[in-house]
Amino acid sequence: MLTIKNLHAEVEGKKILKGINLEINKGEMHAIMGPNGSGKSSLASVLAGRDNYTVTEGEVWFNGKNLLEMSPEDRAREGVFLAFQYPVEIPGVSNINFLKTAVNEVRTYKGLPPLEAKEFLKLTKEKQQLVDFNTNLMNRSLNEGFSGGEKKRNEIFQLAMLNPQLAILDETDSGLDIDALRIVSNGVNKLRDAEKSFVVITHYQRLLEYIVPDFVHVLYNGRIIKTGTKELALELEEKGYDWLKEAEHEKESV
Amino acid sequence: MINSNEIIDDIANKEYEFGFTTDIEMDIAPPGLNEDIIRFISAKKNEPEWLLEWRLKGFQAFKKLKFPNWQHFELPELDLQSLSYYAAPKKKKQLNSLDEVDPELLATFEKLGIPLNEQKALTGVAVDAVFDSVSVATTFKGKLKEMGVIFCSFGEAVQEYPDLVKKYLGTVVPHSDNVFAALNSAVFSDGSFVYIPKGVRCPMELSTYFRINAQNTGQFERTLIVADDNSYVSYLEGCTAPMRDENQLHAAVVEIVALDHAEVKYSTVQNWYPGDKDGKGGIYNFVTKRGICKGERSKISWTQVETGSAITWKYPSVILQGDHSEGEFYSVAVVRNKQIADTGTKIHHIGKGTRSRIISKGISAGHGDNSYRGLVSVGPRAENARNFTQCDSLLIGNQCGSHTFPYIESRNKTAMIEHEATTSKIGEDQIFYLNARGIDTEKAVALIVNGYVKEVLNQLPMEFAVEAQKLLSITLEGSVG
């Protein structure tokens with residue numbers, strides 16, 4: 001579904017990604033871990049098409065299409081979803097109106113007619129229950145005055161509504177208390193199916209107790225330096241990143 | 001991916017949709033401002049002696065008055081002698097019905113989306129179409145007359161209802177009020193007249209559509225709306241003009257009188273030609289609009305959506321004279337490229353228990369400069385007067401400007417005056433967030449802007465709210481990178 005080949009990217013002339021290779025198949029759950037500043041969020045931003053990142057080398061293919069040539073909105077319409085680490089507030093735009101616009105933009109792109117008000121409300125209700133999203137937040141301005149946890153839950157709710165093929169969760173666990181973490185994780189688990197793939201970016205192993213990954217990758221200094229299964233996350237929890245960093249530096253100095 | 005600069009270039013190249021001109025034979029007076037031209041206009045319109053006298057008093061006042069210097073922009077040099085003060089489509093004879101209106105004119109208004117044919121017209125909206133200086137057609141006049149509602153061109157009102165005109169003309173905006181109002185008093189050409197009799201709720205929206213076409217002319221219309229006891233009317237004006245390299249002056253006057261328990265809602269969707277990206281050409285929209293709530297528990301509400309004009313300079317105001325009367329001002333002003341807006345309102349609380357509400361939403365893009373200027377004054381007799389003001393600014397890009405000048409004068413201890421203000425910016429983060437949900441940048445800006453102005457657009461009559469929403473999206477197309 002997603003193939004990343006030797007991806008290099010920089011921001012303001014600073015090299016951030018230095019040759020990422022990653023293959024993600026349908027229905028897989030990938031976790032990307034790594035210390036601060038290793039490039040995890042940058043990878044998410046580059047995949048979503050944030051324009052302050054410049055791709056200097058490499059390729060990204062999504063379902064046989066060249067992702068890097070697409071505008072951010074087309075990537076979203078093709079089925080790439082980024083759950084933001086810091087969702088923005090947009091005053092005056094109601095959550096529901098925003099979602100309706102987004103859902104219908106994606107449908108139009110796929111050649112489907114826009115959803116009737118009734119169908120849309122039905123879908124909303126269904127997904128709201130699925131991910132346990134508070135009805136009161138539906139008619140409020142988008143993320144305005146939401147608590148940190150409410151914002152993250154709104155991201156998962158949007159994920160449920162837009163039903164993408166690839167969901168990238170950028171530190172969705174950051175700033176969540178244990179209850180919110182459980183609700184968010186439950187939401188994600190309910191959305192898992194054979195057609196959908198996930199990339200979960202996180203600092204902590206904690207999230208992976210709830211969302212069990214098929215693969216764990218360690219990103220360091222703009223490169224994936226180790227790939228394993230969920231046991232790798234446990235090992236990292238125990239030993240930290242230093243042993244991997246050292247191994248990496250040794251490799252570099254050779 | 002497109003960067004901000006390219007997008008800004010893009011809007012600059014975006015053409016003004018209503019910039020076409022109409023080829024039609026015109027009666028145009030020679031340029032120049034003097035007593036003779038005033039007499040010429042008055043004679044051309046077959047006006048009674050008292051009106052000519054009034055015009056001449058206006059001209060005397062104009063000569064004594066100075067151009068203001070307190071505004072937040074440099075007043076361009078206005079060569080008033082080079083303008084022509086009368087331009088009207090030539091007509092062969094008195095028109096008896098719409099069928100006799102020049103087809104070229106009908107086509108012009110059709111093209112502007114204002115069909116004057118009653119069968120095609122928006123149901124529930126009566127239109128007075130003003131082309132350059134004169135009213136060319138008024139729809140649904142007969143139907144309104146059955147209820148005693150008078151809706152006609154100003155010129156016609158002078159002929160048909162001289163007593164009403166004489167009684168109210170200049171009572172809200174005197175002939176010597178300010179330099180542009182004085183100029184208007186001297187040379188006003190036409191406009192609309194509305195009278196709603198006692199106890200009548202006007203069954204349809206009344207609307208005037210102003211079109212400037214001729215070159216080197218100024219447009220000076222005058223609108224007078226009188227709502228008698230217990231009556232209600234909703235009135236809307238729209239405006240467009242062709243693209244021309246010269247600036248054109250539009251100095252109109254609107255007077256509203258609301259008697260006991262009467263309510264007048266006045267809405268404006270102003271889309272005069274704004275000039276090109278370098279600020280060349282465009283309309284100077286220097287207008288005096290004022291209403292008086294003369295009667296107790298009367299209400300006047302101004303709603304304006306200002307997207308056009310090179311310079312918009314006006315303060316639709318309300319004098320709350322009647323006890324427990326109410327004034328409202330809802331405004332959206334958009335500037336982009338080199339446009340300037342210095343607009344706001346003045347609310348004078350005179351009567352007891354008077355209330356007012358001001359909601360102003362400024363949007364600045366490109367090199368536009370937007371100022372809100374408002375005065376809330378509470379007189380010594382205005383026991384328990386209440387005012388709420390909210391004044392928001394939205395910035396798009398980092399070349400634009402936004403300023404707020406609120407003035408509050410209270411001479412009564414029981415008055416309660418609130419002022420809230422915010423400034424925000426459409427951030428690249430907001431745009432990217434919406435992009436990442438499949439919404440393209442144009443739609444994203446429209447979504448954000450419409451959310452921002454919703455409170456004001458909700459005040460417009462339904463059909464026009466939709467129009468105004470579209471107009472805003474078109475106006476701001478491509479303003480964000």
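# Briefing: a predicted complex of chains A and B

Of the 481 residues in chain B, 56% count as buried. The model is predicted. For the complex, the predictor gives an ipTM of 0.95 and a pTM of 0.80.

**Confidence**

- The average pLDDT of chain B is 83. A score of at least 70 is reached by 80% of its residues.
- Residues 1-13 of chain B have a pLDDT below 50. Beyond near neighbours in sequence, this stretch still has 20 contacts in the model.
- Where pLDDT is low, predicted coordinates should not be read in detail.

**Chain B: overall make-up**

- Chain B contains 11 helices and 23 strands.
- Take the contacts in chain B between residues at least 6 apart in sequence: 83% of them join residues at least 24 apart.

- Strand 16 of chain B spans residues 317-320 and is covered on both faces.
- Ser317(B) and Ile319(B) are buried on one side. Val318(B) and Leu320(B) are buried on the other.
- In a regular strand, side chains alternate between the two faces of the sheet.
- Strand 13 (residues 282-293) of chain B pairs with strand 16 of chain B in the parallel sense, over 4 bridges. Here Cys293(B) stands opposite Leu320(B).
- Strand 18 (residues 340-349) of chain B also runs parallel to strand 16 of chain B, joined by 3 bridges. Here Val318(B) stands opposite Ile347(B).

**Where the chains meet**

- The contact involves 17 residues of chain B and 24 residues of chain A.
- On the chain B side, helix 9 (428-435) and helix 10 (441-457) each supply at least two residues.
- Helix 10 of chain B gives the most to that side, with 6 residues.
- The chain B side divides into 8 nonpolar, 4 polar and 5 charged residues.

**The nonpolar core**

- The largest nonpolar core has 189 residues.
- Phe81(A), Ile168(A), Val194(B), Ala227(B) and Val264(B) have the most contacts inside this core.
- Helix 10 of chain B provides the largest share of this core, 10 residues.
- Phe81(A) touches Ala76(A), Leu159(A), Leu162(A), Pro164(A), Leu166(A), Ala167(A) and Ile168(A), not counting residues up to four places away in sequence.

- Helix 3 (residues 95-109) of chain A has 15 residues. From first C-alpha to last, helix 3 of chain A reaches 21 Å, close to the 21 Å expected at 1.5 Å a residue.
- The buried residues in helix 3 of chain A are Asn95(A), Phe98(A), Leu99(A), Thr101(A), Ala102(A), Val103(A), Glu105(A) and Val106(A).
- An α-helix has 3.6 residues a turn, so residues three or four places apart point the same way.
- Cover for the buried residues of helix 3 of chain A comes from both chains. In chain A, the covering elements include helix 2 (72-78), strand 7 (90-94), helix 4 (117-130), strand 8 (141-142) and helix 5 (148-162). Helix 10 of chain B also takes part.
- Helix 4 of chain A has 14 residues and reaches 20 Å from its first C-alpha to its last, close to the 20 Å expected at 1.5 Å a residue.
- Asp132(A) follows helix 4 of chain A and has a positive phi, near 60°.

**Chain A: an open sheet**

- Strands 2-1-4-5 of chain A, in that order, form an open sheet of 4 strands with antiparallel pairing.
- Strand 2 (14-24) and strand 5 (65-66) of chain A are the edge strands, and each pairs on one side only.
- Strand 1 (residues 2-11) of chain A is joined to strand 2 of chain A by 8 bridges, and the two run antiparallel.
- Leu7(A) stands opposite Ile20(A) in strand 2 of chain A.

**Chain A: Glu195(A)**

- Glu195(A) lies in the loop between helix 6 (178-191) and strand 10 (197-201) of chain A.
- Glu195(A) counts as exposed because 11 other C-beta atoms lie within 10 Å, and the cut-off for exposed is 12 or fewer.
- Leaving aside neighbours within four places in sequence, Glu195(A) is in contact with Lys26(A), Gly27(A) and Gln165(A).
- Glu195(A) and Lys26(A) are 169 residues apart along the chain, with their C-alpha atoms separated by 5.4 Å.

Terms used:
Residues numbered from 1 in each chain as written. Chains lettered and ligands numbered in written order. Buried ≥ 20, exposed ≤ 12 C-beta atoms within 10 Å, placed from the backbone. Contact = placed C-beta atoms within 7 Å. Pairing = 2+ DSSP bridges. Nonpolar A, V, L, I, M, F, W, Y, C, P; charged D, E, K, R; others polar. Expected span 1.5 Å × (residues − 1). Core = buried A, V, L, I, M, F, W, Y, C linked by C-beta atoms within 7 Å. pLDDT = per-residue confidence, 0-100.
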